[in-house]
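Please look through the model below before reading my comments. I have set them out as numbered points, so that each can be checked against the picture.

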Amino acid sequence: MASLTSISQSHTLLKKPNFTPSIPHNLSSSFTPRGFLFSKTQSFKLPQMASRSYVVSASTTETPRKRYPGEAKGFVEEMRFVAMKLHTKEQAKEGEKEVKQPEEHSVRKWEPSIDGYLKFLVDSKLVYDTLESIIDKAAFPIYAEFRKTGLERSEKLAKDLQWFEEQGYAIPKPSSSGITYAEYLKEISDKDPQAFICHFYNTYFAHSAGGRMIGKKVAQQILNNRELEFYKWDGDLSQLLQNVRDKLNKVAKSWTRDEKNHCLEETEKSFKHSGEILRLILS
């Protein structure tokens, strides 16, 4: 899940209230007329003087379209840039989020509980179940690009919850936070692929970064350093992530600029939902 404002330096949970990426919405999506150049030559005689030729030229060139932060490297870099801006300075040097609420401060005293962690794992599984089901059904063809990426977490979480149950722990039902997020993902996936892809990216990539750091902290404090399956991948994680970056960049090439901006603007909602689930660890 996305790392949280209150928990990790590398991945925050939440969004800047009233934050809107500074992205102009009146730009053309994919076409900008090219400039033109013309030249005109005119010969004429000055009185009482030898004939001379003068060249008069005029040219017009368009002002280059403003490039978005990260755009030169591909759309994934644009998404990463917007996500990092939703961190506070405490959490990332690129962060711009202003801390306005007490829960937005980094946690000074880290006290996870087994009960809270189980709530987090259960809600996480519901979200990953939903994401992976949506990808498999592929209401939009672009979703099929993200089948069997190696980043899937649902089966890993099922194994972890089974292990906890074998240790005698009662597995809770999903909380309202997980249920609400899962329903929202279903809703947007049927009608708004750009918004859905934003959640897909932030959920999987955040877990591979700040999520792993959180998992390590929890393991050290309450699990005798046991590494859960949730934090293991089959194969080289960096390569799996790069493969998905390439697919995301490929998909986004067919989007208009407005569609890309719409995807970026969904980042706040992604942080909000994932942050609510992440905070369950400390409940």
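Predicted model: local features only at pLDDT ≥ 70, side-chain atom pairs only at ≥ 80, totals over all residues.

1. Residues are numbered from 1 along each chain as its sequence is written, and side-chain values use heavy atoms, with hydrogens and water left out.

2. The chain has eight helices and two strands, where helices (H or I, at least four residues) and strands (E, at least two) are DSSP runs numbered from the N terminus. Read along the sequence, the elements come in the pattern β-β-α-α-α-α-α-α-α-α.

3. Of the 283 residues in the chain, 46% are buried; buried means under 20% relative accessible area, exposed means over 50%, and partly exposed lies in between, with a 1.4 Å probe and protein chains only. The chain exposes about 15300 Å², and carbon and sulfur atoms supply 50% of that area, with accessible areas taken from the Shrake-Rupley method with a 1.4 Å probe and, for residues, only the protein chains shown counting as cover.

4. Contacts (heavy atoms within 4.5 Å) can also be sorted by how far apart the partners are in sequence. Among contacts between residues at least 6 apart in sequence, 78% join residues at least 24 apart.

5. Two packed helices are described by the angle between their axes and the distance between the axes. Axes here are lines fitted to C-alpha atoms, for helices over the stretch in contact, and angles run from 0 to 180 degrees between N-to-C directions. Angles under 35 degrees count as roughly parallel, over 145 as roughly antiparallel, 65 to 115 as roughly perpendicular and the rest as oblique.

6. Helix α4 (residues 176–189) packs against α5 at an angle of about 140°, and their axes are 8 Å apart, which means that α4 is oblique to α5. On the α4 side the contact is made by Y181, Y184, L185, I188 and S189, and on the α5 side by P193, A195, F196, H199 and T203. By class, this contact of α4 with α5 has seven nonpolar, three polar and no charged residues; Ala, Val, Leu, Ile, Met, Phe, Trp, Tyr, Cys and Pro count as nonpolar, Asp, Glu, Lys and Arg as charged, and the others, Gly among them, as polar.

7. Helix α1 (residues 75–85) and α6 pack at an angle of about 105°, with their axes 7 Å apart, and are therefore roughly perpendicular to each other. The residues that make the contact are F75, V76 and M79 of α1, together with R245, L248, N249 and A252 of α6. These residues of the contact of α1 with α6 divide into five nonpolar, one polar and one charged.

8. H199 deserves a separate look: this residue lies in helix α5 (residues 193–222) and counts as buried because its relative accessibility is 0%. A polar contact of 2.8 Å joins the side chains of H199 and Y181, a polar contact being a pair of N or O atoms within 3.5 Å; within protein, one must be able to donate a hydrogen and the other to accept it, and residues adjacent in sequence count only if both atoms are side-chain atoms. Leaving aside neighbours within four places in sequence, H199 is in contact with Y181, Y184, L185, I188, E266, K269 and S270.

9. T267, in helix α8 (residues 267–278), is buried as well, with 2% relative accessibility. The side chain of T267 reaches the backbone oxygen of L264 at 2.7 Å.

10. Which residues have a positive phi without being glycine? A138 has a phi near 50°, and N225 has one of about 65°.

11. E155 lies in helix α3 and counts as exposed, because its relative accessibility is 67%. E155 and D129 are 26 residues apart in sequence and 8.7 Å apart in space, C-alpha to C-alpha.
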